[in-house]
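I opened this notebook to record what I looked up in the structure. The entries follow the order in which I took up each topic.

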Amino acid sequence: LSQRLTDPLFYRKRMRQLLRPLFPPRPPRAVTLDQLLEKEGTWLLDIAHPDAELFAPSLLCELPERGREFHIACLTRGEGGMTGGETREALGKAREAELRNSAATLGADSVEFLGHIDPVGKAHRTYAPEVAAGDLTKQIEGLLAKHSPAVVITHGSGGEYWHPAHILIHQAMMAANGEHQILTLHAWQHDHALPGLLNRDDPADLVVEGSRHREQRLAAFRAHRSQHDYFANHGGDSLEGFIERSAKEAYRYYPRA
């Protein structure tokens, strides 16, 4: 409890919960994947940790099928997670390899890491890397100049489950200059089996049904061996259960940054 009371994100979350009835999210603005694909160009997924690409596997599976390249940029190598008895360095190398294997399964054209260290978390508390939002925004602007993406996918406004690193990426991307459209992960779905992973303040503008990509999605999840227990715990003790519960993906849409 004492950790929660000294955490500014705890107060921010509580304030949003209290004010939500007075300022509800706007209604969804329906957008389709076909509409987003009308603009030529690559897509860019910008995430905080290896395995966060698994927040969007159905959408990512669609892109190569429809003739679009996509690239993945990752803030950290995830070395701050549970080590399973390994060193932090060994965990970082393992999770980097897991992301590269998962990305290959999903059809990504490249994977790059932004070079920031994932801080070690504590019970019920996680941290963002020690990088100022303005500095990260400049780094992201370099990514945008490199790839010139038509669409960027990144974390939601609430960091999914209020993860500070996810929120940092979201804020830096929203501040970056560019003509790109933005989709944010895990928009709110009232009927979702895992509501604790969703951004309650983000309307679901785009919905992607991933049932037909089941085997490809499952292979991507299996690539993340170090995270199997986490996903299985949310899926009724199996990866298969998790992908069934998360088959319908929803995204908030920003016409441009």
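**Entry 1: H71 and its surroundings.** The model is a predicted one. I began with the contacts of H71, setting aside its neighbours within four places in sequence; the remaining partners are T42, W43, L44, L45, D109, S110 and H147. I then located H71 in strand β2, which runs over residues 70-76.

**Entry 2: Positive phi values.** For S148 the angle is near 45°, and for W162 the angle is near 60°. Where does S148 lie? I found S148 in the loop that links α6 (133-147) to β4 (151-154). W162, by contrast, belongs to helix α7, residues 159-162. The relative accessibility of S148 is 53%, which is over the 50% cut-off, and therefore S148 counts as exposed. W162 has 15% relative accessibility and therefore counts as buried.

**Entry 3: The chain as a whole.** I recorded eleven helices and seven strands in the chain. The C-alpha trace spans about 50 × 45 × 40 Å along its principal axes. I compared the radius of gyration with the value for a compact globule: for 257 residues the latter would be near 18 Å, and the 17 Å of the chain agrees with it. Of the 257 residues, 53% count as buried. The chain exposes about 12000 Å², and carbon and sulfur atoms supply 53% of that area. Turning to contacts between residues at least 6 apart in sequence, I noted that 78% of them join residues at least 24 apart.

Entry 4: Rolling a probe the size of a water molecule over the atoms shows where empty space is left. How many cavities of 30 Å³ or more does a search of the whole structure find? The search returned one. I noted a volume of about 30 Å³ for the largest cavity. Which residues line the largest cavity? I listed F55, H186, Q189, H192, L198, S246, K248, E249 and A250. By class, this lining comprises three nonpolar, four polar and two charged residues.

Technical notes: Residues numbered from 1 in each chain as written. Predicted model: local features only at pLDDT ≥ 70, side-chain atom pairs only at ≥ 80, totals over all residues. Heavy atoms only, no water. 1 Å grid on protein atoms, 1.4 Å probe; cavity = no way out; pocket = protein on both sides within 12 Å on 5 of 7 lines; lining within 4 Å. Points joined across faces, edges and corners; volume = space filled by probe spheres on them. Nonpolar A, V, L, I, M, F, W, Y, C, P; charged D, E, K, R; others polar. Helix = DSSP H or I, 4+ residues; strand = E, 2+ residues; numbered from the N terminus. Rg over C-alpha atoms; globule rule 2.2 N^0.38 Å. Buried < 20%, exposed > 50% of the residue type's maximum accessible area, 1.4 Å probe, protein only. Contact = heavy atoms within 4.5 Å. Areas by Shrake-Rupley, 256 points an atom, 1.4 Å probe, with all protein chains shown as cover.
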